[in-house]
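Have the model open as you go.

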Amino acid sequence: MLVGALRRRVADAGGFATILVKGDEMSGVILVQALDRGQDAGLFERVPNLDGGYALMRCGPAPAEGPEALAAYVARRRRSDPDLWIVELDVPDAERFAAETIC
């Protein structure tokens, strides 16, 4: 449900949202790969915070490390968590869109 809302909101803003990996609908961790006009802006994970809500936390390799480092990180995460969701957002300020929608 959260991923669907995120996709609709990004589309309404003129951006693109793609589910790269579909995880468990009830318990899957959500990773957001943020892009801005095709340029990698980083990978973010939805994590619980101390207030009982959620926040987005930067995770994985820095964009400067290249797509191979990102692919290796995602492969490791998928091996350890088969319920993982990975959603790619290509919209200006993708991190904000994700935080406002799924946190």
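**Exercise 1.** Is Glu-100 buried, exposed or partly exposed?

*Solution.* Start with the cut-offs: buried means under 20% relative accessible area, exposed over 50%, and partly exposed in between, with a 1.4 Å probe and protein chains only. Glu-100 has 45% relative accessibility, so it counts as partly exposed. Arg-9, at 30%, is therefore partly exposed, and Arg-96, with 34%, is partly exposed as well.

Before going on, note that this is a predicted model, in which local features need pLDDT of at least 70 and side-chain atom pairs count only at pLDDT 80 or more, while totals for chains, interfaces and linings use all residues. Residues are numbered from 1 along each chain as its sequence is written, and side-chain values use heavy atoms, leaving out hydrogens and water.

**Exercise 2.** Find which residues are linked with Glu-100 in a network of salt bridges.

*Solution.* A salt bridge needs a side-chain nitrogen of Lys or Arg within 4 Å of a carboxyl oxygen of Asp or Glu. First, Glu-100 pairs with Arg-9, their closest N and O atoms lying 2.6 Å apart. This pair links distant parts of the chain, with Glu-100 in helix H3 and Arg-9 in helix H1, 91 residues apart. (Helices are DSSP runs of H or I, at least four residues, and strands are runs of E, at least two, numbered from the N terminus.) Next, Glu-100 meets Arg-96 at 3.2 Å, N to O; both lie in helix H3, four residues apart, about one turn of the helix. Finally, the network comprises Arg-9, Asp-93, Arg-96 and Glu-100.

**Exercise 3.** Work out which parts of the chain the salt bridge between Glu-45 and Arg-77 ties together.

*Solution.* The closest N and O atoms of Glu-45 and Arg-77 are 3.0 Å apart. Glu-45 lies in strand E3 (residues 39–48) and Arg-77 in helix H2 (residues 67–80), so the bridge joins parts 32 residues apart in sequence. Both Glu-45 and Arg-77 are buried. The structure holds six salt bridges.

**Exercise 4.** Describe how helices H1 and H3 pack.

*Solution.* Take the angle and the distance: H1 (residues 2–12) and H3 (residues 94–102) pack at about 135 degrees, their axes 9 Å apart. H1 is therefore oblique to H3, since angles under 35 degrees count as roughly parallel, over 145 as roughly antiparallel, 65 to 115 as roughly perpendicular and the rest as oblique. Then list the contact (heavy atoms within 4.5 Å): H1 contributes Leu-2, Ala-5, Leu-6, Arg-9 and Val-10, and H3 contributes Arg-96, Phe-97, Ala-98, Glu-100, Thr-101 and Ile-102.

Conventions:
Axes are lines fitted to C-alpha atoms, for helices over the stretch in contact, and angles run from 0 to 180 degrees between N-to-C directions.
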